Number of protein chains: 2
Amino acid sequence: MALGEFEIIDRYFRDIGRRADVLLGVGDDAAVLAVPPGQRLVATVDTIVDGVHFPHGLAAEDVGWRALAVNLSDIAAMGALPAWATLSLSLPEADAVWLERFAAGLAELAVAHDVALVGGDTVRGPLVVTVQVLGLVESHRWLTRSGARPGDRICVSGSPGDAGAGLELIQRGGAQTPAMRTLVRRFARPEPRIALGRRLRTYASAAMDVSDGLLVDLGKLCAASGCGADLDLDALPISSALRHAVTDPSVRERHVLTGGDDYELLFTIGEPELAAWPDAAREPACTAIGRVTAAAGVRCLRAGVPVAIEPGGYDHFRAGGTQ
Amino acid sequence: MALGEFEIIDRYFRDIGRRADVLLGVGDDAAVLAVPPGQRLVATVDTIVDGVHFPHGLAAEDVGWRALAVNLSDIAAMGALPAWATLSLSLPEADAVWLERFAAGLAELAVAHDVALVGGDTVRGPLVVTVQVLGLVESHRWLTRSGARPGDRICVSGSPGDAGAGLELIQRGGAQTPAMRTLVRRFARPEPRIALGRRLRTYASAAMDVSDGLLVDLGKLCAASGCGADLDLDALPISSALRHAVTDPSVRERHVLTGGDDYELLFTIGEPELAAWPDAAREPACTAIGRVTAAAGVRCLRAGVPVAIEPGGYDHFRAGGTQ
């Protein structure tokens, strides 16, 4: 099926999400959007490349979902609510089946978070997907990476490491057990922690999302805050799926510390705020995994004793090849 | 030189443009921006791919300039003022010299239009550049493609066709004469018509930018407005450079009608508004090239007689190969 770029936008991407604050949507030179009084605009952009950020051949629905999810995760880390998205899709050929499935995956997540797609550009080229998400946050309070203070507790949501283990399973040829399939799904369909981010505005001193690995991202949060961290390796959350699928505890720990792609929230919180935070509002479950220190650098402790850990984490230009 | 992705953003893209309304810029999970009361947000995204939208080997400064320019042109077509930009850069290797020159070209245009770069993502992959620009427009008046009415005059700014001729010269090995160098520069460094777009808010009934070719873009404007057009081929503006560099009048006409990449503004305007519009406010020069009709479709007239013209224009999925 030969599709032109204008038909692609019109057919697959015109009607993803609808919001009353979209005054002019897809189809003109630009979109016109109404920002409510008292709100700040939050903007983020992320690109995923075939064979670099996801394995070649990943289901088109999952590519669409992930392209939006990685951006929604940044919005969550700011404590904002997502509102609008734009999409730039470079793809080798106008494959109608692939496009329909890609758009379906993207739309599924967009609708779940009331995000309207307001602009798009499709070009011929290698498979590269860039999504920008615009969100809104109350003008007086948003989260940053730079607010951590010595003595704050360090927490992480959910179970980081699952997605990285899931990616390894995909690369090794697939998942044989229910636990393995859970891990693969955690890679393919990350759940942006929007609701948690909104609640953290009240309690957390700093937040970011875990995209490059817990250890390396904690290092970034500490650097932005001008402090350090003691990380308690014994406190790391290990999901039931990871426990079942990976028998070696040291491999599990490596996944939790260095696996990227989970898009959980890493945050710091003062003792009084942690005490005041109702358990019921912690969804997904959050685990205290360490404490902010005045001394710079991230120190890993096992049974209270510092141990050396290779930080890992993924850097697209430092890494030798594709992930 | 081995550069990590975080160093790339930090070194080359952190300080492009500065604005007081950037409350949080490059370096956190997302940017936080202040939209002034009474303003609407205008959002657009465009992607340029090496070998598709620009010839492989185009100077890095020009790639940077063009990546921003094609987006600013969309903002101009809305009658808005640009404010903030995000950049996603996929590139095969972290080449410090290329990056520095790319950033310099982008920064040159950003500073000229007071645009702050507020977010960036650099990934390893084929050379693909996506820029999103966010602009602001007064809440009561912006331009669209859909406001043309039968009887309106059709105008275009500057001299469309120059950039397409310039691209052909680049592909054929370069420019030998001053006229040819002018055409090449028109491709490499398009000037977004921001100031003209702002003035058109008062006078024009519809506007868009010419990115895919005058004839095909006029067809889109007419379709969006539910009308048609009579285009006067004898009235088409031909630049002095195009006249000098291309001797065959039919080739010149083809460039003007089907050459993309100029990023001039195409607009419609009622007779009273055209009469009321001061000549001094028409910078660059704008040429009346036809009239909006009630009947659908674009009709080309030579000496008042309809002639058949192959519409041309570039469609990335319909075209057989790269541009």
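**Salt bridges and contacts between chains**

Analyst: The side chains of A:R101 and A:E61 meet in a salt bridge at 2.9 Å, N to O, where a salt bridge is a side-chain nitrogen of Lys or Arg within 4 Å of a carboxyl oxygen of Asp or Glu. This is a predicted model, in which local features need pLDDT of at least 70 and side-chain atom pairs count only at pLDDT 80 or more, while totals for chains, interfaces and linings use all residues. Residues are numbered from 1 along each chain as its sequence is written, chains are lettered from A and ligands numbered from 1 in the order in which they are written, and side-chain values use heavy atoms, with hydrogens and water left out.

User: How many residues apart in sequence are the parts that A:R101 and A:E61 tie together?

Analyst: A:R101 lies in helix 3 (residues 96-112) of chain A and A:E61 in helix 2 (residues 60-77) of chain A, helices being DSSP runs of H or I with at least four residues, and strands runs of E with at least two, numbered from the N terminus. The pair therefore ties together parts whose separation in sequence is 40 residues.

User: How many salt bridges are counted between chain B and chain A?

Analyst: One salt bridge joins the side chains of B:D29 and A:R145 at 3.1 Å, N to O. Over all chains the structure holds 44 salt bridges, and the count between chain B and chain A is four.

User: Which strand of chain B pairs with strand 3 of chain A?

Analyst: Two strands pair if DSSP finds at least two bridges between them, and here the antiparallel pairing runs over three bridges. A:L41 stands opposite B:L33, and the partner of strand 3 (residues 39-49) of chain A is strand 2 (residues 31-33) of chain B.

User: How many residues of chain A are in contact with chain B?

Analyst: Contact means heavy atoms within 4.5 Å. On the side of chain B, 67 residues take part, and the number in chain A is 67.
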